[in-house]
Amino acid sequence: MQYGYEVRFSSKPEGDGDDTQTSSWKPNALIMEKGLKYDKPSVMKGRTDVNSITNWNAPLVWEGTFDPVVIDSIYKKMDPRIAVIVFAVGKYTRFLKAFIETGEKYFMVDFRVTYYIFTDHEDEVPKVQLAAGRKITILTVPSATRWQDVVLGRMKWATIAIDQQIRSEADYVFMMDIDSTFRYRFGAESLSRLSAVLHRGYYKTPDRANFPYERRPQSQAYIPIDEGDYYYTAAVWGGYLEDMYTLVKYCYEQSKIDEKNNIEAAWQEESHLNKYLLYNKPTKVLSAEYLWCDYDRITEDVKVIRISQIAKNYAEVRPNWN
Ligand SMILES: CC(=O)N[C@H]1[C@@H](OP(=O)(O)OP(=O)(O)OC[C@H]2O[C@@H](n3ccc(=O)[nH]c3=O)[C@H](O)[C@@H]2O)O[C@H](CO)[C@H](O)[C@@H]1O
Ligand SMILES: [Mn+2]
């Protein structure tokens with residue numbers, strides 16, 4: 001039985017051996033084991049109903065655009081340490097159990113994963129049995145009276161935690177919303193220097209002017225009406241630790257400048273994230289399969305749902321309304 005619980009923040013990690021273990025992970029090394037059996041890839045056949053490449057030549061990942069056997073073999077060779085950063089502040093601790101339990105079933109199965117749980121209610125973190133090589137680290141953060149402070153605060157606390165601790169413990173970092181459950185494989189095909197997920201509500205929006213980007217020039221997140229590629233969700237994003245650190249810190253710093261100027265971006269850190277990713281293109285774009293939601297009809301092109309956002313009563317779970 002492994003719970004692997006540790007509670008710490010500013011203190012130096014004690015470690016169980018895992019933390020200091022050097023990983024064999026190397027960026028960009030696409031080395032596959034010998035003798036692996038898998039279907040021959042075709043140059044002619046593939047998904048024809050959706051685009052699976054961006055105009056900067058990055059993969060746009062859908063079910064059917066990768067072979068899990070091949071991808072897993074490559075990334076298992078690197079055996080990266082994967083950090084998942086989630087916040088469960090106030091009433092959001094109720095989402096932890098299902099998130100972790102389903103994560104154990106579908107998220108990076110057979111990989112080394114640490115769930116970093118940032119919470120103001122350590123005692124409400126459930127005991128979930130984890131597979132070998134996986135653990136939970138609890139980090140305490142202050143409570144909040146505005147949900148906006150929690151969602152933006154994520155950028156601040158994640159910046160500090162990466163600096164103080166996570167940098168020496170992980171190769172990849174994912175930032176995720178906690179109000180979600182895994183439903184289907186979410187695996188190594190999602191790994192790259194910087195991977196962002198298309199927001200399910202806007203992935204088919206034909207006109208970029210209709211993206212909910214921040215449109216006020218006074219905000220650091222401002223994007224002119226005639227610019228933009230896609231609208232990305234801030235509920236799931238990931239990449240190499242240092243690239244993620246740069247981006248998380250960017251969102252934190254930009255929102256601090258906004259705060260000084262008495263402005264809050266339309267969709268908080270999501271607006272800053274979208275601004276960054278417009279000018280610093282992600283190296284993989286993950287389709288809306290990677291974040292759907294319980295209350296939206298499933299569209300024809302979405303063959304599987306890997307994470308689904310739980311339908312929740314905003315007024316009931318959030319500390320404030322609007
Ligand atoms: C699907 C999607 O695009 N999600 C975005 C959308 O989220 P949502 O409307 O889904 O926001 P949300 O209520 O899930 O808040 C985002 C996350 O912050 C944490 N939290 C929030 C409030 C609180 O009291 N306690 C707490 O722990 C928790 O991890 C939660 O999952 O808008 C937010 C900002 O407006 C963020 O950009 C989310 O990533
Ligand atoms: Mn959410």
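Ligand 1 is surrounded by 24 residues, the closest being Tyr92, Asp177, Ala234, Ala235 and Glu270; a residue counts as near if its C-beta atom, placed from the backbone, lies within 6 Å. The elements giving two or more residues to this shell are β3 (81-88), α3 (147-164), β9 (232-240) and α5 (268-279). Helices (H or I, at least four residues) and strands (E, at least two) are DSSP runs, numbered from the N terminus. By class, the shell holds 14 nonpolar, 5 polar and 5 charged residues; Ala, Val, Leu, Ile, Met, Phe, Trp, Tyr, Cys and Pro count as nonpolar, Asp, Glu, Lys and Arg as charged, and the others, Gly among them, as polar.

This is a predicted model, in which local features need pLDDT of at least 70 and side-chain atom pairs count only at pLDDT 80 or more, while totals for chains, interfaces and linings use all residues. Residues are numbered from 1 along each chain as its sequence is written, and chains are lettered from A and ligands numbered from 1 in the order in which they are written.

Helix α4 covers residues 241-260. Its packing is set out below.

| Pair | Angle | Axis distance |
|---|---|---|
| α4 and α5 | about 120 degrees | 9 Å |
| α3 and α4 | about 135 degrees | 8 Å |

Axes are lines fitted to C-alpha atoms, for helices over the stretch in contact, and angles run from 0 to 180 degrees between N-to-C directions. α3 and α4 are therefore oblique to each other, as angles under 35 degrees count as roughly parallel, over 145 as roughly antiparallel, 65 to 115 as roughly perpendicular and the rest as oblique. The contact of α3 with α4 comprises 8 nonpolar, 2 polar and 2 charged residues.
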